[in-house]
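Here is a short briefing for a first look. Start with the structure, then read the points by topic.

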Amino acid sequence: MNKRMRYILVNSAVPLLFILISAVAIPISNFSGMYLLSEIITRLTRNSFMVLSLLLPVMAGMGINFGLILGAMAGQIGLIFVTEWGILGAGGLTVAAIVGTPIAILFGWFAGNVLNRAKGREMITSMIFGLFMSGIYQFFLLYLCGSIIPFSRPNLILSRGYGVRNAIDLEVMGGFDNLLKVWVNGIAFPVGTFIIIGVLCVFTWWFRKTKLGQNMRAVGLDLDVSGSSGIPVEKTRMQAVIISTVLSCYGQIIYLQNVGSLNTYNGADQAALFAAAALLVGGATVSRATVVNGIVGTALFHLNFIVMPVAGKNLTGQAMLGEYFRMFVSYGIVTTALILHAWSRKKNTDSARAERK
Amino acid sequence: MAEDNIMLKLTGVGKKFDDVAVLKDVNFTLEKGQIMGLVGENGAGKSTLMRIIFGMNVIAETGGYDGEVFFDGNKAAFTSPQDALKAGIGMVHQEFSLIPGFTTTENILLNMEKTKPNVISKVFGKTLETLDMPKMRERAAHAFQTLGVNLSTDELVSEMPVGHKQFIEIAREIDREHVKMLVLDEPTAVLTESEAEILLAAMRKIAEMGISIIFISHRLAEITSVCDKIVVLRDGVVVVENSTAGVSVHQIADWMVGRESSADAVAAKRHEEKGPSGSDFVFEVKNLWVDMPGETVRDVSFKVRRGEIFGIGGLAGHGKLGVPNGIMGLSPAGGIVSFDGKEVSLNSPISALNGGLAFVSEDRRGVGLLLDEPIDWNICFNAMQVQGKFLKKVLGVVPIRDEKAMSACARQYIEELSIKCTGEKQLVKQLSGGNQQKICLAKAFALSPSFLIVAEPTRGIDVGAKQLVLEALRRYNRENGTTILMISSELEELRQTCDRIAIICEGKIAGVRAPETNAVDFGLLMSGEIRDDVEETA
């Protein structure tokens, strides 16, 4: 019993830490409960799909897929095109997803190839590969759009005649959110988006029970054993990355339809970092992550995101601290979670060693 | 014996690795439903033989094999283990190939899961079919029943005792639909006595179902109790193929090690010209445990006299290599190690080196050498890092390498150990295995150690070089009075070189003997048939 309790405590150290920080910071920030609740709902709408898209690569033993900014870029390309074509509402978002999917599959295939050559170093490799592909994405938008690829709407193109503007207002804003909006006590519940997120949760849960899901779990737990039992290891890893990239493409579309404007050139950069931080805050590790981790983590992480800067301002009297706190907190979380993961792994090998003696 | 009753038949099987014959003209037959015990020392060729039968890639990559293997009436030419599996050969390896985070059921049916189709799988293909867990549990339970063990189908393998994991592996093999023959490589090594008995009973049951079994074990009593026949390999040759009826453990040990009397003579001669060994104990190890993968040491205690060469032998995987790696701080370890009355702190290579210990690692290319650096660098590296030798001071402050002194030292050792090279500036990776080993020795000698540990000094080098290396060790021992701890898989080599030999079995010292002791005795110690239970003092 005692051992079991300790196991649970060790594994949920990160969420507990965050609940503690929130418990201290909420009173200092003076926010009302209602305000925080409505903010959290907004953040869940925006971010949880993206966070959930990280689950499969973790299951396949590839750690946090920082390469999901590739999918985010694919989603953004889709959104730019539907804005150009002037398609509105949920239909526009669907078309954006249809445009983004093949791009995401292609990007995911690239990433999968690279990661299969970097076994054991997937996280840092996917991060750097994402930065590299970001350069290609920018080249495409800055030089090819408006020159080789014709654009008819001048408000999308830079005044020099080619290249996409660096900030775009999205006409498809709220496409999913407004599908079935329900108001309860002055708080808006975007039921349409929640249904989409719910479908993904069910998909992820169901996927674990399929043969392919079982293969991914096996590959994630032990590459050599899986390989010797005839599971196509590299192909399975590739599939995990591709599915993750495609899902993150949809995740970015859902995120942006809620935000309403696209920061063309660096809107995707932080997507992976924030999603990873949220997942880790939910108690996931780089080797084990569930749907619950994703949802709880998104809520907790963004609660801190909202509360911390204001609490900091109220404590120090300086308004400039907001953005600083955001970056500090999210990088801090990733670092803490990685250290805690290494620590709990060491604890486990120690106790395994003690048992064997 | 009718021809169609034969499961496996080997005729004239031989195998060479780079002109070194590992197997020579191996012939034997295994009938259906028979259990065959396969025994032999390290390097007798057991693993190579199994690799040939199982169609491992290494065999084809190194030029194939001679002779023919017939499996179930057909000539077997498996090009991969998957082929062998399909034909009906199951193999349980010494190291577990289980996924710890999976349940027993998931492990037994790994990549053989029962699935049922659904709407999505009809569109996107079979890999999206859902797992049929109830059916899978049924299969697992059936396999357990066949084995006669009572295990849960939902327990996580990571939470099971080691002994049970072995049953999971075997259950996996017998669950395959067309399994005809099982190869069990040391399955009882990790089992307790009662678990081993259950396994042996299970083996009999499986054999009664008509499945043949090749049983590799170092526990000779198990061989005599469960097997129908026994094949003894020695130096790549089948020395005995016999029914086990009436065969004693002692006899098997004799077949296993039974060298010509010349080895005994050499050992006796060596004993006469014994070095300057004193009577006091200079090095003591007490209750040492080492967590080295594949070479776990559980509880080892021994004492080494000043000036002697103390040997440690034993079968592969029983922990003899864990001892030096634990003492030198290369693997996590615990216990008490003291040298010259001072305790050596474990898990810290630098304190072991500072304490006057030097180590020639069995992992020559990985741990022992800087392959991309010249000979003189390699020889002087440790002495420079640990003892500050071969350094001179610029302006009396900044220490830099003293290239001249390094070259001189390297040239001295090149001559002394007759290292074949173009000069002290040649890169170490260009040298042959034997010469690389000599560099490793020179590197240790350069530390002027008061205690030298050598692990597998002759592994992978040819016969001529072997003698030179062993001679260099003996000379160093005689001339400098250095105490040496030597670990080797080759008993003969230990008997030629050492003053006393400890044999490790299953992570513990089975006994310590003088080198002129009968070879059969060593064989019995290695297989755990004899175990001196009192803490050794002599």
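Is α12(A) mostly covered or mostly uncovered? It is mostly covered, with 10 of its 11 residues buried. Keep in mind that this is a predicted model.

**Chain A overall**

- Chain A has 14 helices and four strands.
- Its radius of gyration is 21 Å, close to the 21 Å that the globule rule gives for 357 residues, so chain A is as compact as a globular protein of that length.
- Along the principal axes, the C-alpha atoms of chain A fill a box of roughly 75 × 55 × 35 Å.
- Buried residues account for 44% of the 357 residues of chain A.
- Take the contacts in chain A between residues at least 6 apart in sequence: 73% of them join residues at least 24 apart.

**Helix α12 of chain A**

- Helix α12 of chain A covers residues 271-281.
- Just after α12(A) comes Gly283(A), with a positive phi of about 100°.

**Helix packing in chain A**

- Two packed helices are described by the angle between their axes and the distance between the axes.
- Helix α13 of chain A spans residues 291-316, and its axis and that of α12(A) come within 6 Å and cross at roughly 105°.
- That angle makes α12(A) roughly perpendicular to α13(A).
- On the α12(A) side, the contact is made by Ala277(A), Ala278(A), Leu279(A), Leu280(A) and Val281(A). On the α13(A) side, the residues are Asn293(A), Gly294(A), Gly297(A), Thr298(A), Leu300(A) and Phe301(A).
- The contact of α12(A) with α13(A) holds seven nonpolar, four polar and no charged residues.
- Helix α3 of chain A (residues 33-52) also packs on α13(A): the axes come within 8 Å and cross at roughly 135°.
- α3(A) and α13(A) are therefore oblique to each other. Their crossing is right-handed.
- From α3(A), the contact includes Leu36(A), Glu39(A), Ile40(A) and Arg43(A). From α13(A), it includes Val291(A), Gly294(A), Ile295(A) and Gly297(A).
- The residues of the contact of α3(A) with α13(A) divide into 10 nonpolar, six polar and two charged.

**Ala167 of chain A**

- Ala167(A) is found in strand β1 of chain A, residues 167-169.
- Is Ala167(A) buried or exposed? Ala167(A) is exposed, because 11 other C-beta atoms lie within 10 Å, and a residue counts as exposed at 12 or fewer.
- Leaving aside neighbours within four places in sequence, Ala167(A) is in contact with Ser261(A), Asn263(A) and Thr264(A).
- Ala167(A) and Gly67(A) are 100 residues apart in sequence, and 23 Å apart in space from C-alpha to C-alpha.

**Chain B overall**

- Chain B has 20 helices and 24 strands.
- A compact globule of 538 residues would have a radius of gyration near 24 Å; chain B has 26 Å, which agrees.
- The C-alpha trace of chain B spans about 80 × 60 × 45 Å along its principal axes.
- Of the 538 residues in chain B, 45% are buried.
- Among contacts in chain B between residues at least 6 apart in sequence, 67% join residues at least 24 apart.

**Positive phi in chain B**

- Most residues other than glycine have a negative phi.
- Asp72(B) is not a glycine, yet has a positive phi of about 55°.
- Asp72(B) is found in the loop between β4 (66-71) and β5 (74-75) of chain B. Asp72(B) is partly exposed, with 18 other C-beta atoms within 10 Å.
- Ser418(B), a residue other than glycine, has a positive phi near 40°.
- Where is Ser418(B)? Ser418(B) is in the loop between α16 (403-416) and α17 (433-445) of chain B.
- Ser418(B) is exposed, with 11 other C-beta atoms within 10 Å.

**Contact of the two chains**

Methods
Residues numbered from 1 in each chain as written. Chains lettered and ligands numbered in written order. Predicted model: local features only at pLDDT ≥ 70, side-chain atom pairs only at ≥ 80, totals over all residues. Axes fitted to C-alpha atoms, helices over the stretch in contact; angles between N-to-C directions. Helix = DSSP H or I, 4+ residues; strand = E, 2+ residues; numbered from the N terminus. Parallel < 35°, antiparallel > 145°, perpendicular 65-115°, else oblique. Contact = placed C-beta atoms within 7 Å. Nonpolar A, V, L, I, M, F, W, Y, C, P; charged D, E, K, R; others polar. Rg over C-alpha atoms; globule rule 2.2 N^0.38 Å. Buried ≥ 20, exposed ≤ 12 C-beta atoms within 10 Å, placed from the backbone. Left-handed = near helix turned anticlockwise from the far one by under 90°.
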